[in-house]
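Please look over the sequence and the 3D structure shown below before reading on.

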Amino acid sequence: MNLISSEEAFEDAFHRAAQQHERAWVFIVLAMLAVLLVGTMFFVVLDYGLVSRGTSFLRRPDAVMDDPAFREGKVVQTGSNSYAVYMVGHAWAWSPGVVHVKEGAQVTFYVTSTDVLHGFELQGTTINVTAMPGAVGKVEYKFDRAGTYYIICNEYCGIEHHSMIGRIIVDPKDKS
Ligand SMILES: [Cu+2]
């Protein structure tokens, strides 16, 4: 009798310890998942550039067209070889559609949309900003290689989405 009860006591203690151990690991795994999930969200939003850190929000989404720079799709020279480009996405084109800069140009893009979400992705570069109505995204890039860079809308925006292509043409230095 005595022997059996001590065995039972041992089993009880063993199960309690095992349960505690399992609970601790369930907690640790859930905490790791939470950190991973929140970390991924921060990475995608801030570092990957889906939303620019320089995004400023407007009260009226159409107010952006009150700004002549956006209305006219301006390219402003801000230094000897630096430019500010005011880029508007609308169904289904980019304005300005073609931008010429010199090799080595430092370009600041201000990106917005007049209607729905568009994706401002510049092939061959790290530029990837969502063009949002009511918000202006800011992204900078230095074009060290001459050539044609295509602006690809990477956010489905309607029937002619696939034809929404713009061009940034970087002219070689020796060309005047
Ligand atoms: Cu699109």
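In what order do the 5 strands of the open sheet lie? The order is β5-β11-β10-β7-β8, and the pairing is mixed, where strands are DSSP runs of E with at least two residues, numbered from the N terminus, and two strands pair if DSSP finds at least two bridges between them. This is a predicted model, in which local features need pLDDT of at least 70 and side-chain atom pairs count only at pLDDT 80 or more, while totals for chains, interfaces and linings use all residues. Residues are numbered from 1 along each chain as its sequence is written.

**Pairs of strands**
- Strand β5 runs parallel to strand β11 (residues 165-171), and 5 bridges join them; H100 has I169 in β11 as its bridge partner.
- Strand β7 (residues 118-122) and strand β10 (residues 147-152) run antiparallel and are joined by 2 bridges, with E121 standing opposite I152 in β10.

**Cis peptide bonds**
- The peptide bond from A91 to W92 is cis, with omega near 0°, and W92 is found in the loop between β3 (82-90) and β4 (93-95).
- S95 and P96 are also joined by a cis peptide bond, with omega about 0°, and P96 lies in the loop between β4 and β5 (98-102).

Technical notes
Helices (H or I, at least four residues) and strands (E, at least two) are DSSP runs, numbered from the N terminus.
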